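I opened the model today to look up a few points. My notes are below the display.

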Amino acid sequence: MIRIPEYLAVAQWALLGALGVLVVIMFRQLGRLLTGAAKAAELGPPAGRKAAALSYARPGDPAERQLTPGDGQPLLLAFVDPTCPSCEELVGVLGQLQAAGELAGLRTLLLISDPPSYLQISDVFSATGIEIGRPVRPAGLESYRVSATPLLVAIDDAGVVRAAGSVVRPAEVRAFAQSCLLPAPEAALTVVPAVAGRGEDGP
């Protein structure tokens, strides 16, 4: 009868334990990937659908305003928050594109869920010249599926969603802006699919 040295038996058990830990880690990573994919699929309204109307108020002004997609003016809606670093990056890019005249012909609106007082903690938000609003009614907001921020939604002059996703790179943001200015058949070529949110969870 062959007798296995005690130190080899201990090494085998240690190896089996390490393999068990590795399997657990791999399953956790797989779960995170699947969760991220599901989150990406649920982020933003589907392209090609009619965008819903929204009610919002500007910081410091309680007057309720109505945003009605399809009134003849293309829209670029950015769901962002001052407490989200990726949102600050997106707002900075939007500000640069606006200053360069690349958002001409578009109505650009930043929609926040944080209290308006939080705008003071972000130099990017407080210095931007882009209109800022905060939704005041849940009606219509659910259809935008803001499961994470930042979320950028491009809507053409007919009120149809042309692109929706979590983007911050200038080239991606520029593609969104262009998508809602082009006729419908051409706009479909520039739609950027939604990707997993890089920022914080949405409202």
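**Sheet.** I am working from a predicted model. I looked up the strand order first. The sheet is open, with 7 strands arranged S2-S1-S5-S4-S3-S6-S7. Its pairing is mixed. I then checked the edges. Strand S2 (65–67) and strand S7 (161–165) sit there. Each has a single partner strand, so one side of each has no neighbour in the sheet. From one strand to the next, the twist averages 30 degrees.

**One pairing.** I picked S1 (residues 54–57) and S5 (residues 131–135). They run antiparallel and are joined by 2 bridges. Ala-57 has Arg-134 of S5 as its bridge partner.

**Helices.** Helix H2 (residues 85–99) packs on the sheet. I find it touching strand S3 (75–79), strand S4 (107–111) and strand S6 (151–155). The direction of H2 makes about 155 degrees with that of S3. Helix H4 (residues 170–179) lies across S3, S6 and S7. H4 runs at about 160 degrees to S7.

**Leu-119.** Where does Leu-119 lie? I place Leu-119 in the loop between S4 and helix H3 (123–127). Is Leu-119 buried or exposed? Its relative accessible area is 10%, under the 20% cut-off, so I log Leu-119 as buried. Next I listed its contacts, leaving aside neighbours within four places in sequence. Leu-119 touches Pro-59, Pro-82, Ile-112, Phe-125, Ser-126 and Ile-132. I also checked the spacing to Ile-132.

Definitions and conventions:
Residues are numbered from 1 along each chain as its sequence is written. This is a predicted model: local features need pLDDT of at least 70, side-chain atom pairs count only at pLDDT 80 or more; totals for chains, interfaces and linings use all residues. Side-chain values use heavy atoms; hydrogens and water are left out. Two strands pair if DSSP finds at least two bridges between them. Helices (H or I, at least four residues) and strands (E, at least two) are DSSP runs, numbered from the N terminus. Axes are lines fitted to C-alpha atoms, for helices over the stretch in contact, and angles run from 0 to 180 degrees between N-to-C directions. Contact means heavy atoms within 4.5 Å. Buried means under 20% relative accessible area, exposed over 50%, partly exposed in between (1.4 Å probe, protein chains only).
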